[in-house]
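I opened this notebook to keep a record of what I looked up, entry by entry. The structure comes first, and my notes follow.

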Amino acid sequence: MTAVAEPAAAEPAPSTALRVPPVTPPRRTWRPATHIAVDLGTANTLVLVKGEGVVLNEPSVAALDATGTIRGIGFEAKRMLGRTPEGIRAVRPMKDGVIADFHVAEQMLRRFLKVVMDRHLFRVKPTVIVCVPSSITEVERRAVRDSAKSAGAKKLYMVSEPMAAAIGAGLPVDSPRGSMIVDIGGGTTDIAVIALSGIVCDASIRTAGDELDLAIVHYMRKTYNVLIGEPTAEQIKLSIGSAMPLDEELSMPVKGRDLVSGLPRTVVVDSAGIRDALSESVQRIVNAVRRALEVTPPELASDILEHGIVLTGGGALIRGMGALLTYETGLPVRMDDDPLTSVVRGTGLILDNLPRYESVLSM
Ligand SMILES: Nc1ncnc2c1ncn2[C@@H]1O[C@H](COP(=O)(O)OP(=O)(O)OP(=O)(O)O)[C@@H](O)[C@H]1O
Ligand SMILES: [Mg+2]
């Protein structure tokens with residue numbers, strides 16, 4: 001039987017905004033704050049203030065005018081993606097899990113930090129921890145350092161994303177027991193095996209949420225001759241995307257531009273077709289996990305066999321992803337309770353317990 005999903009534009013899908021509590025209201029809080037954690041993700045930037053929790057959760061998007069000056073960031077800028085007035089460009093400075101545009105990324109990070117710092121009382125300049133991809137280059141580190149410093153950070157530490165995600169997901173990273181974390185974000189899927197506070201083996205592939213969106217854009221063009229933008233593709237993914245057949249297949253109307261007539265047109269797409277469109281990318285993720293398991297030292301592999309894989313990141317929310325990984329690897333797979341915030345929550349736990357986690361930080 002086919003159930004009809006609500007049209008993407010009319011009804012919010014189970015999106016980032018729904019799963020993560022909204023940002024605190026823009027008022028100043030007078031409780032002194034000293035430590036800030038930042039997850040500078042390809043798709044979303046989250047900021048946590050120690051003692052308070054997540055205070056900012058916005059898309060990693062900046063809107064620039066013709067002179068390159070930032071006109072807006074976050075939600076405001078994301079709304080402009082694909083529909084910007086002349087002279088304004090909406091860009092995502094982080095791409096494929098790396099900083100693609102240093103200048104914009106630096107300004108964006110500085111502005112996000114400033115928003116948070118303006119709303120809190122800092123008697124002293126705060127200590128900031130920024131989560132960075134494990135494959136970060138020295139030049140990228142410098143960009144992160146410069147923007148945090150110019151935003152007013154006293155001390156800056158960095159922690160690799162998979163490590164923070166594992167801590168956020170409650171894995172015993174400092175024990176000898178091996179744990180495997182798979183973080184499917186917007187730009188990259190990061191897979192890491194962690195034991196004794198170190199990453200024993202890891203892999204990062206540039207297949208994650210963004211690539212799934214592009215696969216849907218491509219599918220709509222090829223199958224229906226309809227052109228859609230990436231935000232619409234993301235809505236389709238959230239509303240009816242899946243990695244495994246669904247008990248009840250879904251469908252939804254999609255508006256786009258007919259490539260033949262050039263006019264707007266609505267077509268009805270179904271979850272089986274979208275699953276097909278996503279399958280190649282989804283399989284790439286599965287293969288990367290299998291490869292990581294193949295190179296995991298046997299002692300740690302047996303821990304993972306016993307305790308399973310932990311899945312996190314927004315991309316992991318695609319229906320049936322956990323079940324598919326279990327099917328393909330034969331291992332138990334557990335999804336973190338709130339996969340979109342694991343990284344920043346993990347960083348918050350590091351802040352709460354700096355002596356315990358000191359060894360996972362770098363400068
Ligand atoms: N319910 C959902 N179903 C499928 N995908 C989802 C869902 N919710 C969010 N996503 C996708 O998750 C991705 C964002 O996840 P996340 O915020 O973890 O990425 P990120 O941390 O910014 O990226 P990265 O870790 O690669 O730098 C987006 O591609 C988004 O479309
Ligand atoms: Mg991430």
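Entry 1. I began with Glu 211 and found it in helix α6, which covers residues 209-224; helices here are DSSP runs of H or I with at least four residues, strands are runs of E with at least two, and both are numbered from the N terminus. I then looked up Gly 187, 24 residues away along the chain, and noted that its C-alpha atom and that of Glu 211 are separated by 7.6 Å. Leaving out residues up to four places away in sequence, I listed Arg 206, Ser 281 and Arg 284 as the residues that Glu 211 touches, where contact means heavy atoms within 4.5 Å.

Entry 2. I noted how to read the model: it is predicted, local features need pLDDT of at least 70, side-chain atom pairs count only at pLDDT 80 or more, and totals for chains, interfaces and linings use all residues. Residues are numbered from 1 along each chain as its sequence is written, chains are lettered from A and ligands numbered from 1 in the order in which they are written, and side-chain values use heavy atoms, with hydrogens and water left out.

Entry 3. I wrote down the division of the chain into domain 1 (4-8 + 209-278), domain 2 (25-167 + 342-360) and domain 3 (172-207 + 281-335), with bounds from an automatic or database domain assignment. Taken over C-alpha atoms, the centres of domain 2 and domain 3 are 25 Å apart, and 19 residues of domain 2 are in contact with 16 residues of domain 3. The area buried between these two domains is about 1,400 Å², with 59% from carbon and sulfur atoms; this is the accessible area (1.4 Å probe) that two parts lose on being put together, summed over both. Asp 96, Pro 162 and Met 163 supply 35% of what domain 2 buries against domain 3, more than any other three residues.

Entry 4. I counted one salt bridge between domain 2 and domain 3, the term requiring a side-chain nitrogen of Lys or Arg within 4 Å of a carboxyl oxygen of Asp or Glu. I also looked up the salt bridge of Asp 174 with Arg 356, whose closest N and O atoms are 2.6 Å apart. On the side of domain 2 that touches domain 3, α5 (161-168), α11 (342-352) and α12 (354-357) each give two or more residues, and α5 gives the most, with six.

Entry 5. Which residues come nearest to ligand 1? Of the 21 around it, I noted Thr 42, Ala 43, Asn 44, Glu 234 and Lys 237, counting a residue as near if one of its heavy atoms lies within 4 Å.
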